[in-house]
Amino acid sequence: MDIKAFKMDGLGNDFVIIDNRQKITNLSKEQIIKICDREFIGCDQLILITKNDSSDASLEFYNSDGGTSGACGNGTRCVADLLSKENNKSLVTLTTQSGDLKSEILGEKLVSTEIGKGRIEWNEIPLSEELDTNNLNIKITDLNNNNHTGGTAVNVGNPHIIFFVDNNENFEIKKIGPEIENHPLFPEKCNVTLATVVDEELIKVKVWERGAGLTKACGTAACATAFAAMRNGLSGNKVDIQFSTGKLSIFIDENNSIHMKGPVSDIKEINIKNLMGIFDKFKSGFKKSASAFSSGLKNIVIKKEIDDKTLDKIEDYLIQSDVGIAAALEIREIVSQTKIDPNKHTVDEINIILKNYIVGLMKPLENFEFFKKKQKLNVILISGVNGVGKTTTIGKISKIFKGNGNKVMLAASDTFRAAAIEQLENWSKKVDVSITKSSQGSDPASVAYKAIEEALNNQFDQVLIDTAGRLQNKKNLMEEYKKIANVTKKIDSEAPHDVILVLDATSGQNVINQVEEFNKIIPITGLIMTKLDGTAKGGILLAVAKKYKLPIIALGLGEKEDDLQIFEAEKFAEAFTQIN
């Protein structure tokens with residue numbers, strides 16, 4: 001089932017928003033952290049929209065460390081804008097841990113939210129002991145090693161401490177932030193703000209958010225700063241809070257309720273199935289291949305003690321499983337040197353050794369950067385022999401790219417086969433991306449050049465170039481392949497930025513030859529292995545990793561468009577050894 005999700009931005013704070021009003025998902029802490037991780041999807045906070053009969057919806061806020069947050073002003077404004085468009089209304093009420101927050105849509109991409117009252121009692125912050133919350137006498141040090149004491153504590157949805165200093169540029173927020181966030185005075189941790197009052201109507205701030213770190217903007221911190229400034233006579237009831245990314249306008253009414261006004265971004269829908277698939281689908285997709293390996297190992301290791309004869313059998317079995325001689329010898333040596341616990345199943349102990357070996361070998365080969373949006377146009381050359389699933393893989397990559405906010409162009413440079421052009425065109429329609437193509441037999445390099453040129457002129461983020469199957473005995477195709485790479489450099493001297501080789505796991509040791517040959521023509525920057533959902537010997541990936549140490553981008557675990565899984569060494573190792 002697809003999970004409805006959106007990506008939005010409020011003054012530099014970005015959010016992944018999941019509509020959970022139909023109770024379609026129950027996220028673990030691990031999954032929340034993974035979604036927030038900027039090497040995967042990336043956001044300052046994850047927001048869950050849940051059903052509420054007395055308001056438009058309830059909101060749950062999660063920080064990037066998996067912990068919860070009582071409120072988020074910028075996130076609330078983003079969700080208010082989202083639901084106002086859904087329900088065609090300008091007033092939206094959202095229920096949070098801090099109470100009902102009322103928002104008004106003031107115009108296109110401009111939203112005002114009533115955050116509630118600032119709480120200043122020591123046990124409302126909360127503090128670990130009773131103190132004057134207007135001056136906590138906490139010491140901070142500037143870049144010149146001068147000490148400053150102070151700190152005003154306010155709770156506006158979250159615990160905040162604000163230090164008013166002459167120039168916050170003279171302080172290292174990355175050092176002060178985590179120290180104060182984890183101060184024993186704050187049992188629930190706190191957000192830390194360094195504030196410089198420019199005049200009664202403008203305050204410049206730097207903010208360290210609990211559970212998130214340095215942030216471009218924080219709505220509740222802006223509200224807390226304005227409230228603390230008014231409390232200290234540093235501003236009136238109207239003040240702009242200046243972040244590095246822009247301003248939030250704060251107004252405190254006669255009832256001491258705080259109102260925040262600021263911009264929101266366009267709403268981008270993202271494909272949550274791709275984001276979450278790695279948690280649920282990896283083991284099931286890899287089950288046939290891994291089960292065959294695991295059952296074979298069980299048939300060999302039948303005794304508690306590991307003698308030389310058993311070690312020989314383990315080594316032979318690993319080689320037969322396409323792990324490769326070098327890796328098999330290393331694993332044998334590790335098993336022989338490891339003390340096996342007699343109270344545990346021997347095969348389980350060996351699987352743990354194997355899992356640790358795989359993680360140690362493959363962890364450095366992870367490459368989450370590949371799927372991230374780049375600052376300029378990224379040109380990717382996709383290669384591989386016929387039949388490995390190259391064109392299908394391009395379609396699947398395109399869908400992940402698009403789900404991450406990329407504008408994608410496909411180049412049908414496999415002009416050797418008419419079917420290849422048609423297949424890529426079908427994929428472009430299926431995942432809704434653009435394509436540049438020509439007729440069968442036309443110059444592949446010219447198609448690639450035209451695609452890159454069009455992508456540059458229309459602000460695309462990614463160009464994926466399909467190429468004909470390069471068999472060693474087809475010298476003309478090899479030359480065309482090199483020509484495609486060379487022509488990309490006429491537009492960008494650094495192109496192609498990625499050269500991805502697609503491999504078929506069912507090809508066994510032939511995979512090694514393919515990596516060898518392709519790497520001679522144009523250096524490979526990453527690998528994708530397909531057809532691991534069948535009974536293929538998944539050990540071949542270990543052999544390739546051991547010999548070439550090339551980044552592993554993703555694994556193909558099925559025929560569906562969402563069956564390309566971003567490679568993670570830990571997940572692969574667990575699946576391969578069937579360890580939970």
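Begin with helices α10 and α17, which are roughly antiparallel to each other, because angles over 145 degrees count as roughly antiparallel, those under 35 as roughly parallel, 65 to 115 as roughly perpendicular and the rest as oblique. The model is predicted: local features need pLDDT of at least 70 and side-chain atom pairs count only at pLDDT 80 or more, while totals for chains, interfaces and linings use all residues. Residues are numbered from 1 along each chain as its sequence is written, and side-chain values use heavy atoms, with hydrogens and water left out.

**Stop 1: α10 and α17**

Select residues 346-362 for α10 and residues 569-577 for α17; their axes come within 9 Å and cross at roughly 150°. Axes here are lines fitted to C-alpha atoms, for helices over the stretch in contact, and angles run from 0 to 180 degrees between N-to-C directions. Helices (H or I, at least four residues) and strands (E, at least two) are DSSP runs, numbered from the N terminus. α10 passes α17 in a right-handed crossing; a crossing is right-handed if the near helix is turned clockwise from the far one by less than a right angle, and left-handed if anticlockwise.

Next, display the side chains of N351, L354, K355, I358, V359 and M362 on α10, together with A569, E570, F572, A573, E574, F576 and T577 on α17, which make the contact (heavy atoms within 4.5 Å). By class, this contact has eight nonpolar, two polar and three charged residues. Ala, Val, Leu, Ile, Met, Phe, Trp, Tyr, Cys and Pro count as nonpolar, Asp, Glu, Lys and Arg as charged, and the others, Gly among them, as polar.

**Stop 2: α9 against α10**

From α9, residues A327, E330, I331, I334 and V335 meet I350, I353, L354 and Y357 of α10. Eight nonpolar residues, no polar and one charged make up the contact of α9 with α10.

**Stop 3: the eight-stranded sheet**

Now select the open sheet, whose eight strands follow the order β22-β21-β23-β20-β24-β25-β26-β27 with mixed pairing. Two strands pair if DSSP finds at least two bridges between them. The edges are β22 (434-436) and β27 (564-566), each of which pairs on one side only. From one strand to the next, the twist averages 25°.

Within the sheet, focus on β21 (residues 408-412) and β23 (residues 462-466), which run parallel and are joined by five bridges. A412 stands opposite D466 in β23.

α11 (residues 390-403) lies across β20 (378-383), β21, β23, β24 (498-504), β25 (526-530) and β27, and runs at about 175° to β23. α12 (residues 418-431) lies across β21, β22 and β23, at about 170° to β21.

**Stop 4: α13 and α14**

Select α13 (residues 444-457) and α14; their axes come within 8 Å and cross at roughly 25°. The two helices are therefore roughly parallel to each other. The crossing of α13 and α14 is right-handed. Show P444, A445, A448, Y449 and I452 from α13 with E480, K483, I484, V487 and T488 from α14, which form the contact. These residues divide into seven nonpolar, one polar and two charged.

**Stop 5: H497**

Centre the view on H497, in the loop between α14 (475-488) and β24. Which side chain is joined to that of H497 by a polar contact of 3.0 Å? The partner is D492. A polar contact is a pair of N or O atoms within 3.5 Å; within protein, one must be able to donate a hydrogen and the other to accept it, and residues adjacent in sequence count only if both atoms are side-chain atoms. Not counting residues up to four places away in sequence, H497 touches K376, L377, N378, V379, D492 and T525. The C-alpha atoms of H497 and L377 are separated by 9.3 Å, although these residues are 120 apart along the chain.

**Stop 6: the β1-β2 hairpin**

Finally, select β1 (residues 4-10) and β2 (residues 13-19), which run antiparallel and are joined by six bridges. D9 stands opposite D14 in β2. The hairpin has two residues between the strands, and L11 takes a positive phi near 60°.
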